[in-house]
Amino acid sequence: MVFCLENEELRRPLGSTMVHFQASEVQQLLHNKFVVILGDSIQRAVYKDLVLLLQKDSLLTAAQLKAKGELSFEQDQLVAGGQLGELHNGTQYREVRQFCSGSGHHLVRFYFLTRVYSEYLEGVLEELTYGPAPDLVIINSCLWDLSRYGRCSMESYRENLERVFMRMDQVLPDSCLLVWNMAMPLGERVTGGFLLPEMLHFLTQLQPLAGSLRRDVVEGNFYSATLAGDHCFDVLDLHFHFRHAVQHRHRDGVHWDQHAHRHLSHLLLTHVADAWGVELPKRDYPHEDCSMPPHLGCSPGVNFVPGPLPPPVPSPIPHGQHRGLAVHRGMPRCIHTSPYHVPRTGAPCRQRPRHSDRLIHTYKLDRWPPAHSGTWPG
């Protein structure tokens, strides 16, 4: 189910409620934090822009956005996959990257995913279990899930979403903030590399699928946001924010330019700071700021938003741990024009739900191969 909001009251531009972070402020916000980013090429660009913004106030270049599997990007290191293995567009493609600042106070890691839940993800979770505990996890997987795994891909996606959120709930500490990035809107013509088939006869299945992929993404976003809410994880509605930013989407109908990704970073960091209770600086931002085109996400029109999410659940978690549940659209937490009411309370609400009524079979970790065979730098 998708709610279509027409004739909405015009809202102020996102710039009025979103902070434009400088590199020094990002360094402070993520000081002594371990950030893990999981997902496809869009999430890899999220990782790259965050790594860049941790070091300097500049935008990614077109070449940096397009590059994949390179040995090093802005002082980071390719740990596994990519050019250390074989560069291809198959579902078995792997890429693990890590950035550790010179001061040692910032650690950011990226895992490329072609499916939201898989044996490979279990290997990643095992690394997170026995390695340092992450403070922030940013995750999305949608396009590959809906286009590369057969005609029942939506049903499989829903099942895998439930599995991944349950496993994240089991593995991540309560102090970890998990943000689910909803998939960004697709163009009318989609030619992204993830659509390339691994077998010739699969072409006939992909051709009709590509035409309905835009609608599938909206449906997939509804399920992912709802299930993330069931587990009191946070949701960043990128589909909403970028619904009118067509001029910043690449011609392949999937990827976005450096201005869009800097805007995304500002949205994400604003959300994280709010969840951690960090007071942000208040500044006036001129429209000519190269990192935030004034029309990104600000135009009026039809807004597609997911259905009702469950209300926050009171929890005895001590003060200081992150607060959820929130669907963030760059506006005050009480969204009066929305079809549902998601207040951001002053007290933490994360509580591990009981799964006795919806048990899902999980396998022992020792069944899964390691997520990578590389050695972590630093």
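A polar contact is a pair of N or O atoms within 3.5 Å; within protein, one of them must be able to donate a hydrogen and the other to accept it. Keep that in mind as we look around this predicted model.

Let's start with Ser 141. This residue sits in the loop between strand E6 (136-139) and helix H5 (143-147). Is Ser 141 buried or exposed? With a relative accessible area of 2%, Ser 141 counts as buried, because the cut-off for buried is under 20%. The side chain of Ser 141 has these two partners:

| Partner of the Ser 141 side chain | Distance |
|---|---|
| side chain of Asp 145 | 2.5 Å |

Setting aside neighbours within four places in sequence, Ser 141 is in contact with Thr 114, Arg 115, Val 116, Tyr 157 and Trp 180.

Trp 180 leads us on to the nonpolar cores. The largest of them has 46 residues, and Leu 38, Phe 165 and Trp 180 have the most contacts inside it. With neighbours within four places in sequence again left out, Trp 180 touches residues including Ile 139, Leu 161, Phe 165, Ala 228 and Leu 236. Apart from this core lies another, of 45 residues, with Val 51, Phe 112, Ala 260 and Ala 273 among them.

Now for helix H4 (residues 119-130). At 1.5 Å a residue, its 12 residues should span 16 Å, and the end C-alpha atoms are 17 Å apart, so the two values agree. Buried residues in H4 include Tyr 120, Leu 121, Val 124 and Leu 128. What covers the buried residues of H4? The cover includes strands E2 (33-39), E4 (95-100) and E5 (106-112), together with helix H6 (153-171).

Key
Residues are numbered from 1 along each chain as its sequence is written. This is a predicted model: local features need pLDDT of at least 70, side-chain atom pairs count only at pLDDT 80 or more; totals for chains, interfaces and linings use all residues. Side-chain values use heavy atoms; hydrogens and water are left out. A nonpolar core is a set of buried Ala, Val, Leu, Ile, Met, Phe, Trp, Tyr and Cys residues joined through side-chain atoms within 4.5 Å. Buried means under 20% relative accessible area, exposed over 50%, partly exposed in between (1.4 Å probe, protein chains only). Contact means heavy atoms within 4.5 Å. Helices (H or I, at least four residues) and strands (E, at least two) are DSSP runs, numbered from the N terminus. The expected span of a helix is 1.5 Å times one less than its number of residues.
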